[in-house]
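I set down each item as I looked it up.

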Amino acid sequence: MEDIVGLCKRRGFIFQSSEIYGGYNGFYDYGPLGVELRNNIKQAWWRDFVQRRDDMEGLDSTIIMHPKIWKASGHVDGFSDPMVDCKESKLRYRADQLFFAPVIVEGEKIGYVSVVESIDQQEVAEKAAAEMKRKMAKQGELGPIELKEYTEAAPEEYELIPSPATGKPGSLTEPREFKLMFETKVGPLADDSATAYLRPETAQGIFANYKNIVDTGRVKIPFGIAQIGKAFRNEITPRNFIFRSREFEQMEIEYFIAPSADWKALHREWIDTCTDWLVSIGLPREGITEDIHPEDKLAFYSQATTDLMFDFPHGEQELWGIACRSDYDLKQHQEHSGKSMTIFDEATKEKYVPHVIEPSLGVDRTLLAVLTAAYTEDEVPNDKGKVEKRTVMKFSPKIAPVKAAIFPLLKNKPELVEVAEKLYKKLQRRWNVFYDASGAIGRRYRRQDEIGTPYGITIDFDTVEKDGTVTLRDRDTCEQRRVSEAELIEFLEEQIDG
Ligand code: GAP
């Protein structure tokens with residue numbers, strides 16, 4: 001993670017928000033390369049899930065909506081996380097990300113250890129337990145350390161579990177519910193009636209517009225409504241770079257199906273479609289796994305939820321949630337708004353409130369997964385044939401921030417520069433390409449490798465004196481071949497837009 005964060009800052013992908021004022025926890029800004037990568041991810045998603053499908057409609061709803069929407073959806077009353085405070089250090093933890101275990105030596109409980117959720121939490125807890133045994137000079141065998149969530153602690157244990165910040169027991173509070181929605185005021189009055197919320201998910205904007213789209217479009221069941229947009233959550237512990245932040249973006253689909261449809265089969269289809277899409281933008285299939293939520297842990301309205309997990313630097317974590325939400329949301333809005341949410345199904349001649357399958361993906365999390373998969377350190381020969389270490393971002397050409405770099409071999413040869421600039425201008429009309437004339441050609445390649453530009457195009461004397469062909473270099477293999485301009489454009493088209 002440190003390498004990725006370092007590269008993102010050094011090369012202008014991602015900056016901490018408000019950095020000149022010391023930063024602002026849970027907020028990130030996207031720099032020149034980051035915004036390109038982010039836009040490309042969103043465009044690829046929109047193209048594949050909206051424009052290239054006949055059963056999908058697009059939407060862009062507002063961030064602030066009528067507060068009754070959040071009452072109907074259950075967010076006002078129920079969208080919270082369990083929080084625990086350390087009274088001494090003033091640090092705040094999410095109780096479901098704080099783990100504890102009793103330390104038992106030869107059947108005697110000698111105290112408790114606690115750890116914050118991490119990839120090596122078991123190891124950290126075991127070390128702390130061994131240290132406690134050593135300090136207390138206890139003889140005998142240490143029992144197994146069985147970590148439990150702090151939410152599962154018995155009230156009499158709160159006083160005994162040490163704070164991870166101080167290592168001392170007695171300063172942790174009991175878990176309390178912490179509301180995650182950001183509040184704001186709308187209009188000139190600052191009383192309670194003016195309270196509104198920044199949306200914590202884009203999904204409710206879709207449900208709130210479902211009727212508009214059914215009434216104005218030519219949709220027929222099954223069909224989906226897709227939206228990309230910002231969401232805000234006052235996360236207790238924003239962590240792991242852009243993985244969990246307070247302002248982020250979601251790409252969500254609500255896919256409406258008949259209540260009698262084989263929702264299990266459709267759910268499976270969506271899980272496979274989503275996995276294939278992640279692979280299509282460059283994530284390794286073996287890095288993606290499925291986490292099926294156990295039935296007894298499902299929300300009361302949910303029939304099934306499967307999360308696509310990705311192997312992030314901080315461990316295997318949720319990337320894409322794919323939930324079967326029944327007719328819960330539409331029925332809630334029907335009841336609270338008094339407007340009918342039924343649809344007439346031409347095929348079966350039935351009228352009903354449809355059920356919904358919801359694939360919900362975070363843009364920023366996808367970007368972190370893409371950065372993780374792309375980050376590579378390898379060794380390649382330099383101009384003089386000597387093997388050198390390089391850092392290379394192996395982005396898929398579809399989403400790479402810069403698609404190709406155009407280099408005149410020498411910057412002081414006007415005939416090379418003229419052809420290179422002409423080609424640059426031509427390619428720039430279609431793609432984000434980069435022109436670089438300065439420095440040794442090997443150094444220019446290396447700069448592009450580090451930002452993940454898939455192709456280097458060099459204009460040399462053969463281009464201007466012989467056949468007009470250019471050298472096309474592949475970022476990953478470093479192989480070079482000569483191609484004509486027509487071949488070059490056809491190749492780029494296939495790799496970038498295909
Ligand atoms: N409408 C359903 C919904 O919002 P969610 O599991 O809470 O479900 C969906 O969020 C996706 O949004 C997650 O899988 C994740 O990719 C992204 N996401 C959620 N909270 C996030 C946060 N604080 N920071 C970044 N991404 C987040």
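I began with the origin of the shell around the ligand: β19 gives the largest share, four residues. The model is a predicted one. I then listed the strands that supply at least two residues each to this shell, and they are β13 (247-257), β16 (315-326) and β19 (355-362).

I looked up how many residues surround the ligand and found 18. The closest of them are Glu-201, Arg-233, Glu-235, Glu-252 and Glu-318. By class, I recorded eight charged, five polar and five nonpolar residues in the shell.

For Arg-233, I noted an N or O atom of the side chain 2.8 Å from a ligand oxygen. For Glu-235, a polar side-chain atom is 2.8 Å from a nitrogen atom of the ligand. At Leu-319 the backbone takes part: one of its polar atoms lies 2.9 Å from an oxygen atom of the ligand. I also noted the cover: of the 560 Å² of accessible area that the ligand has on its own, the protein covers 88%.

My last entry concerns Arg-365, which I located in helix α9 (residues 363-374). Is Arg-365 buried or exposed? I found that Arg-365 is buried, and that it has no salt bridge. Its nearest side chain of opposite charge is that of Glu-318, 4.6 Å away, and a salt bridge requires a distance within 4 Å. Glu-318 is also among the residues closest to the ligand.

Key
Residues numbered from 1 in each chain as written. Predicted model: local features only at pLDDT ≥ 70, side-chain atom pairs only at ≥ 80, totals over all residues. Heavy atoms only, no water. Near = heavy atom within 4 Å. Polar contact = N/O pair within 3.5 Å; in protein donor to acceptor, adjacent residues only side chain to side chain. Areas by Shrake-Rupley, 256 points an atom, 1.4 Å probe, with all protein chains shown as cover. Nonpolar A, V, L, I, M, F, W, Y, C, P; charged D, E, K, R; others polar. Buried < 20%, exposed > 50% of the residue type's maximum accessible area, 1.4 Å probe, protein only. Lys, Arg positive; Asp, Glu negative; His and termini not counted.
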